[in-house]
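User: I have a structure open and would like to go through it with you. Can we start with where the chains meet?

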Amino acid sequence: MSTNAQTVSSAYPVPVDSRFPARGTRLDPVSVGLEDHGTSIQIPKVGLTNICLSYKTQAGERLLALDHINLQVHPGEFVCIVGPSGCGKSTLLHLIAGLHPQTSGQVLIDGTPVQGPGTDRIMIFQDHGLFPWLTVGENVEFGMKMKGIPKTERLEKMRYYLQLVHLAKFEKSYIHQLSGGMRQRVAIARALATEPDVLLMDEPFAALDAQTRDLLHDELERIWSDTGRTIIFVTHNVREAVRLGDRVVLLTFRPGRVKSEFPVELRRPRSLEDPEVALAARAVLDELRDETNRSLEAEYRNGIKPHVEPGVES
Amino acid sequence: MKRTARYIIFYAALFGLWTLLAELKIWPPYLFPSPGGVAEALYSGFSDHTYWIAIRVSLQRVLIGYGISVVLGMILGLGVASNKFLEETVGGLLVSLQSLPSICWWPLALLWFGLNQNAILFVVIMGSLLSVTLAMEDGRKQMPKIFGQAGRNLGAKGFKLFWYVLLPASLPFIVSGLKQGWAFAWRSLITAEMLYLSLGLGQVLMMGRDLNDMSAVIAVMLLIIAIGYIVDGVVFKGMERHLQNKWGLTPAT
C-alpha cells in the first residue's frame, strides 16, 4: 500500500490511531493491520495484488495502463477510486468484474482468484447498460433468470428491489420511458437483485444533473448501510468520492498507480455541501491536481484524448 | 387521410389506363390481357384450388429455406463479426458472392441434390443467406458493447448470452437485413420454381406461359407481388414497430 497515506477526518487533520476504529461497527481499513497478532485476521473482500495491465496501441507500441496496483477492500467497505481521466480506473473495475483479463497480478475475492465474470461482483455502468428490449421488471429479473431462479421467487425479489429504489410503479415500463436518474436506480436494483457481495460502480452518476445526483447519493448511502454490501466506486469527482466513501484511493495518471489513500471518517449521513466534506476533498484535490496536469499535458502534446482505454470486451 | 386519397387516385388511374388500353384493342388480348380476363383467371385459379395449393407449397418452401438462412446466417454473421481472421477472409468472400444471382447455383444444385425440392431450397438459401449474414455481422458490430458486458456481468454466457442478450440487442440493427433476406428468398424461390415442375407459384406462372394464357400469367404475378408485400408489410413492419416501441426509437417515416 502507499506510503504517503493521509487521513482526513475533520477540519484539522488528526492522525488516526490505528488500534481504535474511529466509529461504529465498521472496521476502519487502516486498522486492519496485523497488530492483533493472529486470532482474527480478516481476509479482504476484494484483494488486488500487483495488478498490471498493458496493451498495444493502434500505433503498435505497448502501453502500460495499470502498474502494480495493490488494494485491499474489506467486507462492507465503501471505497472510492479517483484519478484523472486516462488513469485506468474504469479499466480496473472491468478487471475486478472479470470482464477483461489483467496482464499480471491477481484479483482475489475472499482470498480466491477471480476467473472471469461472476454474479458475486456486479458492475453498474455510467450509461447504465440496461436492456432496452426488456421492461424495468424484466431487467431487474435478468441476473436471477440467468442463475435459474424460479419465476415466482424472481418476481418477489424483483418487486422488493424495485421498492428499495422507489420505482415499484415502473415495473412494466420500458427503459426509454425513464429519466436518467430513474435508469441508474433500475441499474442499482438490477445489480442488487443478483445479491452480489461487491458492487462495482463506474462513474454511475456522472451524466446526471446535480439535484438528481444528490438524491442518488442519499439513496446509495442508505442502500449501502441497509444491505451491507461492499462498494468500489470509481469517479473523477473528488467531492463525490469524499461524500460517499469510507476511503478514497487516488490513482496516478498513466500508468495508473495507487498514489495515496485517504480514509474519510466523517459522520454519516453526509451531504455534498458539508463543509467537512469540502475540506476533506481539498486535501485529495491538491494531490489530484498534479495528476490532472500531467493528463492535460499529455492531451495537448498528443492532440488526442488521453483516456484511450483498451477495448474491454470479448 | 390525404395519403390514402393519393393512393386511391393513383391506383384508380393505373387501373383505368389498363382498362382503356385493353378496350382499345391495340394489341390482341392474348398479348395484352384485360383486367376482366385477369380477374377471371384469378377466380378460376382459386376456385379449382390450383392457386391455393401453389401458394401453400411456395410459402412452405420459402419458410423452410428462409428459416434455415436466418439460423445459419446469424451463426455465420456472429462468427465473422467476432473474429478478425474470419472477417478478413470469409467476410470479403461473402461480400463478393453477393453480386452472384442465386439462380446461378441452380445447375450445381441439380447435380448435388437431384431434380427435387432440396435443389429449390438450396437456391433459396443461397439467395438469402448472404443478406442475413452480412446484416448480423454489421448488427453485432453496431450493437453497443455495453450490452454484452452487462450480460456477462449478470451471469449470462454461451448460448444464454447469445439468446437473451446479443440477439435481442442486435435486432434493431439487423431487421432491415432480415427483410432484405426475405425479399431475396422469395425471388429466388419463384425463379427456381419456374425452372422445374414443382407445384409452386413459379410453376403455375410457367403453366400460363405454356398455355399462352397471359391473363393467368398476370394473375400469378399479382399473387407473387401480393404475398411479398403482405409479408413485408405485416411481419416486418410489425416487427419494426414493436422494436421502436420498446427501444424508444423514432419511427423512420
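Predicted model: local features only at pLDDT ≥ 70, side-chain atom pairs only at ≥ 80, totals over all residues.

User: What about residue pairs in polar contact between chain B and chain A, how many?

Analyst: Eight residue pairs, with both residues at pLDDT 80 or more.

User: Which helices of chain B supply at least two residues each to the side that touches chain A?

Analyst: α7 (145-153), α8 (158-194) and α10 (214-247) of chain B. Of the elements on that side, α7(B) gives the most, with nine residues.

User: And how do the residues of that side divide into nonpolar, polar and charged?

Analyst: On the side of chain B that touches chain A, 10 are nonpolar, seven are polar and five are charged.

User: How many residues does the contact take from each chain?

Analyst: Chain A gives 28 residues and chain B gives 22 residues.

User: What is the area buried between the two chains?

Analyst: About 2300 Å², and carbon and sulfur atoms give 63% of that. The accessible area lost when parts come together is often used to give the size of an interface.

User: Now chain B by itself. How many helices and strands does it have?

Analyst: Chain B has 10 helices and zero strands. Its C-alpha atoms fill a box of roughly 70 × 55 × 30 Å along the principal axes.

User: Switching to chain A. What is the order of the strands in the open sheet?

Analyst: The six strands of this chain A sheet run in the order β6-β7-β8-β3-β9-β10, with mixed pairing. From one strand to the next, the twist averages 20°.

User: Why do β6 and β10 of chain A each have one side without a neighbour in the sheet?

Analyst: β6 (121-124) and β10 (258-263) of chain A stand at the edges with a single partner strand each, so one side of each has no neighbour in the sheet.

User: How many bridges join β6(A) to β7 of chain A, and do they run parallel or antiparallel?

Analyst: Four bridges join β6(A) to β7 (residues 198-202) of chain A, and the two strands run parallel. Arg121(A) stands opposite Val198(A) in β7(A).

User: Which strands does helix α5 of chain A touch?

Analyst: Helix α5 (residues 210-227) of chain A packs on the sheet and touches β3 (78-82), β7 and β8 (230-235) of chain A. The direction of α5 makes about 155° with that of β8(A).

Conventions. Residues numbered from 1 in each chain as written. Chains lettered and ligands numbered in written order. Heavy atoms only, no water. Contact = heavy atoms within 4.5 Å. Buried area = accessible area lost by both parts, 1.4 Å probe. Polar contact = N/O pair within 3.5 Å; in protein donor to acceptor, adjacent residues only side chain to side chain. Nonpolar A, V, L, I, M, F, W, Y, C, P; charged D, E, K, R; others polar. Pairing = 2+ DSSP bridges. Axes fitted to C-alpha atoms, helices over the stretch in contact; angles between N-to-C directions.
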